[in-house]
Amino acid sequence: MTALLNIKDLRAYYGQVQALHGLNFSLNEGSLTTLLGANGAGKTTTLRAICNMVRSTGAIEFEGAPLGSRSTESIVRLGIAHVPQGRGTFTTMTVEENLQLGAISRKDSAGIVSDIERMYAHFPVLKQRYTQQAGTLSGGEQQMLAVARALMLRPRLMLLDEPSFGLAPLIVRDLFKILGKINREDKVTILVVEQNAQLALELADQAYVIETGRIVMSGNAKDIANNEDVRKSYLGY
Amino acid sequence: MELFINQVLAGVATGAIYACMALAVVMIYQAIDHLNFAQGEMAMFSTFISWQLMQWGVPYWWAFLLTLIISFAGGILIERVLFKPLAKAPILTNVAGFIALFAIINSVAGLTWDFTIKQYPTPFGSSPFLGSQLISTHQAGMIGVTLLMLLGLYLFFQFTRIGLAMRAAAALPESARLVGINTSWMIALGWGMASAIGAVAGILIAPVVFLEPNMMGGVLVYGFAAAVLGGLTSPLGAVVGGFLVGVFENLAGTYIPGVGNELKLPIALALIITVLVFKPAGLFGRAIVKRV
């Protein structure tokens, strides 16, 4: 399998503080990978560094070409959709406008219309509320909307930052089921950052564990789930 | 009664200008969170450009159109050269930038066209509108052009993709970048549009206040008052605020003893302070419905 995203010696900084200390990892085309770690380990920073939203050094290659110093918006336009922590919903706009915004960099208006219909099929609740202000949706609905908005880009790679945050367990299961479906059916490579390690490991096929800005473990999600240390630290049994 | 209606209509007419200025102010405020103190001077300069074009023999409406295009480009240029580098600077740096811009434009206009008061033509004439003594054709024209422009802007922001992108960039810049919007250019575009809107205001008010480098000083204060009254985050509020301030100003000048023409301006300032004390978000300020 070829690597869709390849990261070498990634270091990131907030002012004088170094948050990542030389990360190396890669995402295989079509894979669903999870990045696990405790609070402050550098998970969010890793995603932000990929999209050039934080000062960083090192090499990030997407589809074999270096991202270099591209701006956030031009990285997104390459087909990397990023669902940020807190979802980044345009709360004052309608659900449909949020979806339109997801496709704002695309030119094929017919494709956009049919993709919006496709999103409504994936997430029927969004169709019921398409004229509603997005801020009035529940947390779970807003997370669905955030995923749908990201998919409107027709991304090659989707980065999700703690999609389970603040959601009821049942809703998280639903959401993860949909992510799995998107990964299989739409062939979108997914990198999901999670604190809910158990669910993430069930869903993913690859996993990395990150501690204080370094990758300390990597491998098949099942092997990681069975690892003694991971079980104690992240799964709690 | 006739005096009252007359004053209200005249207030609506000047209110149209305040609405334009308030709208220009709000557009830039939405994009960069700062009040553009030089908005009035930019409008004045645009008006001089149109006057110069007409001096060179360009017909009124062509001069109008050309001025809008030049102002649009000029607004973008000012943002790129002066305010893009200040994007992350503290608020006072930006304020200093605006004041510098104010002084520079004012002086350059004075240097180029001198400070004598000039007549400015109106394409609408100044005869009574539809044979009624209540309002002149120029005042009716001011209201008409403003409403047309507002309608155009509304359609632009509601129904075009670029309008949607501009709204997104103003509401949540980071999320906007994450869907691939070049927010930096959206800000520049906002400056260009604000500058063109200001040009319309300047051109429409010039026949009334006459053309000179300080013509927009008072108008901008009313524009600020309108923007604050309507809510700095609401374009619709800016427009409604503009009309309200225009009417209020005229009625106060007519009916409150001792106010007259001279004390009209402090009324605008009093209005700004009153709104900021009692309802800081303004009439239409953003009330975000949120569930968490």
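Predicted model: local features only at pLDDT ≥ 70, side-chain atom pairs only at ≥ 80, totals over all residues.
Let me start with two helices of chain B, α2 (residues 39-55) and α4 (residues 91-113), whose axes come within 9 Å and cross at roughly 25 degrees. Helices here are DSSP runs of H or I with at least four residues, strands are runs of E with at least two, and both are numbered from the N terminus. The axes are lines fitted to C-alpha atoms, for helices over the stretch in contact, and the angles run from 0 to 180 degrees between N-to-C directions. Since angles under 35 degrees count as roughly parallel, over 145 as roughly antiparallel, 65 to 115 as roughly perpendicular and the rest as oblique, α2(B) and α4(B) are therefore roughly parallel to each other.

On α2(B), the contact is made by E41(B), M42(B), M44(B), F45(B) and F48(B), and on α4(B) by F102(B), I105(B), N106(B), A109(B) and W113(B); two residues are in contact if their C-beta atoms, placed from the backbone, lie within 7 Å. By class, this contact of α2(B) with α4(B) has eight nonpolar residues, one polar and one charged, where Ala, Val, Leu, Ile, Met, Phe, Trp, Tyr, Cys and Pro count as nonpolar, Asp, Glu, Lys and Arg as charged, and the others, Gly among them, as polar.

Residues are numbered from 1 along each chain as its sequence is written, and chains are lettered from A and ligands numbered from 1 in the order in which they are written.

Leaving aside neighbours within four places in sequence, V12(B) is in contact with I143(B), F243(B), G246(B) and V247(B).

Turning to chain A, strand β1 (residues 3-14) and strand β2 (residues 17-28) pair in the antiparallel sense over nine bridges, pairing being counted if DSSP finds at least two bridges between the strands. R11(A) stands opposite H21(A) in β2(A), and in the turn of this hairpin, which has two residues between the strands, G15(A) has a positive phi of about 60 degrees. β1(A) also pairs in the antiparallel sense with β4 (residues 55-62) of chain A, over seven bridges, and there the bridge partner of K8(A) is A59(A), while that of L5(A) is F62(A). F62(A) in turn stands opposite A65(A) in β5(A).

Finally, where the chains touch, the contact takes 19 residues from chain B and 23 residues from chain A. On the side of chain B, α6(B) gives the most, with five residues, and the residues of that side divide into eleven nonpolar, three polar and five charged.
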